[in-house]
Amino acid sequence: MDQIISGGGTPARFGGLLYSGNDWNFQTIRDCYDAIEEIAHGELGLETYANRVEIITSEQMLDVYTAHGMPVGYKHWSFGKRFIGHENAYRRGLMGLAYEVVINSDPCISYLMEENSATMQALVIAHAAFGHNHFFRNNRLFREWTDPSDILDYLEFARGYIARCEERHGQRAVERVLDAAHALQNQGVNRHSGARKLDLKAEQQRAKERRAYEDSIFNDLWRTLPAEAGGADGAAEAGHARRLLGLPEENLLYFLEKNAPRLAPWGREIIRIVRMIAQYFYPQPQVKMMNEGCATWVHVYIMRRLHELGRIDDAAYLEVIHSTSNVINQPGFDMGGGASFNPYALGYAMMTDIVRICTEPTAEDRAWFPDIAGNGDAIGTLRHAWAEYRDESFIQQFLSPRVIRDFRMFRLSDDTAQPYLLVDAIHDEAGYREIRRSLARVYDPGTFYTEIEIVDVDLLGDRTLKLEHRTRAGQLLQARDARQTLDYLAALWGYGVVLNEVDDQTGAVLATHTAGPVQ
Amino acid sequence: MPARGRPLVARYRRSISIIFETASEREWCRPVDIIDRRPNPHGKNLENRRRVLQRARSAVQTAVRDAVARGKIREVGQGNAISVRADALHEPSLHRVFSEGMREIVLTGNREFSRGDRLQRPPGGGGGQGSGAGQAGEQGGGEDSFRFVLSRDEFLDLFFDDLELPDLLKREISTTENGVPARSGLSNEGAPSHLDLGRTMRRSIARRLGLGRPKPAELLEVEERIVALEALRPASAEELEELEDLRERRGMLRQRLARIPWVDPVDLRFRRYTIMPQPATRAVMFCIMDVSGSMTERMKDLAKQFFLLLHVFLERRYKKVEIVFIRHAESAEEVDEDTFFHDPRTGGTIVSSALELMRTIQRERFPSANWNIYVAQASDGDNASSDTSRTASLLRDDILPAVQYYAYIEITGSGAVIRGETDLWRSYRAIADENDHLAIRQVGDRKEIFPVFRDLFSRQRDTAEA
């Protein structure tokens, strides 16, 4: 190799050491990026969005955290609260900041901390700018649910729009709508129908039209009339209207945006903004484990290759190993790990295991994974998995006995009727499938999202909104939160709201929450 | 930072291991931007942070005052952390919690369990959070309290939110000393550094347009044409005529250009500053405390709380606050802060000695024309009975006319014992009825310090008087 012939003095771009020591400069980053890109695209065949790498300070990193990693955001106190929380934790040393944050956008933006050493910069470029980036671009969920090309512009639009609303209608009024919309944002996504592409031009156009319509119908005389002057629907009309409302509706924010009778047009637009952003973030929790696993696997692979090719020295590679093993550490349940899996650890372990199955399968692997065992195309298999699965199905499909053994997983059955917890599956032949099934269920969006539907509106009476939460006994909504959220919902709807918690099997009403009409 | 992209193709040719040589090269030739964002403005979230404070204002205020009630004024005022109850900033959402029934939990790190083992249920409900609650917990919904680190200014703002110094205005005007320059319109003369370029150029443009100053480009054009025509030879009669016209025009243009300047002295506008009188905000605070045998440590501690509060409060209003500590038993002396609070003394009580000393010091060092004078006196109300009338007359005739505000705090005994009025209290009250700027209050417990303080300085008092 070049560097053997000419010693350490070979310029980086001719294949020698990319850097040595901890210090980096922009040329180092560029050289590292180029070297990493060669491996990522050349050897791994990753397909990525164009990259943008931004160097930021720790203070800016706190800002990025606050906005869920988004570079622009509208003003709201909840972001301030999050900021103070992160800041306190960071200043008191309870929390280390991430080395990077990456945004699912096109171009894909990776934020790198200035404090990182040269090795860490290279590592996080491999991790974020290629690992995550490839995942964002190729995974089915992201492809179907988010539109990365417009998100930054849309956020900019949202910030501008909300700022203008604050000028026009006052900060308090805007805050009330935002508070309410935020409380409902988990119920503000379309779960089953996919997202329509964001179209910034159309969005701006619609906002403008709304405004123009408002202006055109403005008549100072009407201002003095009571707000709900037009409520005299006939019975037939009510039935017709109910059909038009498209009930039942799972997307509460969508329903409010379209149908809330007493909402000002700008309020609808703000609800829409919250809804769009919630929709954008919707896939992320469902593929978190895979996404992190993918990025970690990619950076481990690339850094190992860089070392093999003589582009980084032994000291740097030791640093890579050290920080990677920190990241993929999975403490046992009694060592502080609790019931939560470290997504990096599980994802990385499963992906490493897929490579092993593809290249050096054991008899057990051949029995469990006849379709991929020994197929010799580890990278292709991984790329297929990254593109087509989400956490739940990935576990269901690829969690191997080997990984279950390595993690020494076991399952507890927790029956509140019993005074004890029962260990009902461990890492043995009888337990593998049980554990795999249960673990997959943890990652099932159905279990971590609370699905609530609007089922009816009392159109002839007092316009009470009726909602339903299908669940089972012992799994009810947190009552205090539910009440407060319903108050918000009632504030947006303008009339009373009733939420019934209904047993999925029997149809019995388990609990009822109500919020009165607001003045 | 300039974004720079380099085509990677050339180097791939000789790179060491290419597996996917044929992978679509256009894809991976897209350039990377490396951007240094560090110089970008920081503090994006300051506005959001401010909104949090605003939203939790009442909760923060309660927390701030609790912190003070616990007796750490100095430290808290230096910018300490305070905690507010989390529900002031709670963000509710609809989420499920597991309360009963069956669930399965997958854990890692099994060392000793085999199937069928029964484990004792850990205290506090199960081996982990219900998966439904995970979402909200992450957003901080589960916290009991929320910590802020307030800056000193934020802290004091919240702390003294509705408090105001009495009669501040009167004295400030009488003690103007310094001036600060303030903008006051424009003038047509001034120092070059005060030149208002925008306005000057606006006037210059108007004048040039009005007087028809030709544009230099016009002259250039004419000159070029002349050169071109002169180069023609032989020239036709028309061209000669044109040349003649142009020469004339050139002369005219040059003349006008020379006569009408680009910027004329009449265009010049300067920002004008006038010196505005700035009230001197100096204040002196006299702390007078009874340290006789009847004052216990607890009582002194209460007095100290009050003095500290007053000091922090005055510091916020005045740039400079001097403090004079006077303690007295049978006789009075001026001492430093440490001695004042910590050095024990015993003996009988003669209040007038302290007032006399205070008056002397004030006359010598803090003439009332230049200083805002505040007096805070703390005592348990004990006084030698022969001295009370002298104290009262001293206060009424000599001290009150000279000071801005006089607060008297009488620290009652254990709090459980309800005492009658002391002689000192009675005579002070008679004076207080006639003088608005003497305020007297009784304090029995640490918790009462701040309410009494607020009571003394609350804004309503001012407006009611006005």
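Which residue in β5(A) stands opposite Arg411(A)?

Reply: The residue that stands opposite Arg411(A) is Ala425(A), which belongs to β5(A). Before following that pair further, please keep in mind that this is a predicted model, in which local features need pLDDT of at least 70 and side-chain atom pairs count only at pLDDT 80 or more, while totals for chains, interfaces and linings use all residues. Residues are numbered from 1 along each chain as its sequence is written, and chains are lettered from A and ligands numbered from 1 in the order in which they are written.

Strand β4 of chain A, residues 410-415, is joined to β5(A) by 4 bridges, and the two strands run antiparallel. (Strands are DSSP runs of E with at least two residues, helices are runs of H or I with at least four, and both are numbered from the N terminus; two strands count as paired if DSSP finds at least two bridges between them.)

Strand β5 of chain A, residues 420-425, also reaches across to the other chain, where it pairs in the antiparallel sense over 3 bridges with strand β5 of chain B, residues 118-120. Within that pairing, Leu422(A) stands opposite Arg118(B) of β5(B).

Taken together, these strands belong to an open sheet of 4 strands with antiparallel pairing, in the order β4(B)-β4(A)-β5(A)-β5(B). Both β4 (102-107) and β5 of chain B stand at the edges with a single partner strand each, so one side of each is left without a neighbour in the sheet. If direction is ignored, neighbouring strands here are turned by 35° against each other on average.

Helix α21 of chain A, residues 432-442, packs on this sheet, where it touches β4 and β5 of chain A together with β4 of chain B, and its direction makes about 100° with that of β4(B). (Two residues are in contact if their C-beta atoms, placed from the backbone, lie within 7 Å; axes are lines fitted to C-alpha atoms, for helices over the stretch in contact, and angles run from 0 to 180 degrees between N-to-C directions.)

The contact between the two chains takes 89 residues from chain A and 70 residues from chain B. On the side of chain A that touches chain B, helix α2 of chain A, residues 26-43, gives the most, with 10 residues. The residues of that side divide into 36 nonpolar, 32 polar and 21 charged, where Ala, Val, Leu, Ile, Met, Phe, Trp, Tyr, Cys and Pro count as nonpolar, Asp, Glu, Lys and Arg as charged, and the others, Gly among them, as polar.

For comparison, chain B, with its 18 helices and 14 strands, holds an open sheet of 6 strands whose order is β11-β10-β9-β12-β13-β14 and whose pairing is mixed. Its edge strands are β11 (332-335) and β14 (438-443) of chain B, each of which pairs on one side only, and the twist from one strand to the next averages 20°. Inside this sheet, strand β12 of chain B, residues 372-379, pairs in the parallel sense over 6 bridges with strand β13 of chain B, residues 405-411, and Ala376(B) stands opposite Ala407(B) in β13(B). Helix α17 of chain B, residues 446-457, lies across β13 and β14 of chain B and runs at about 165° to β14(B).
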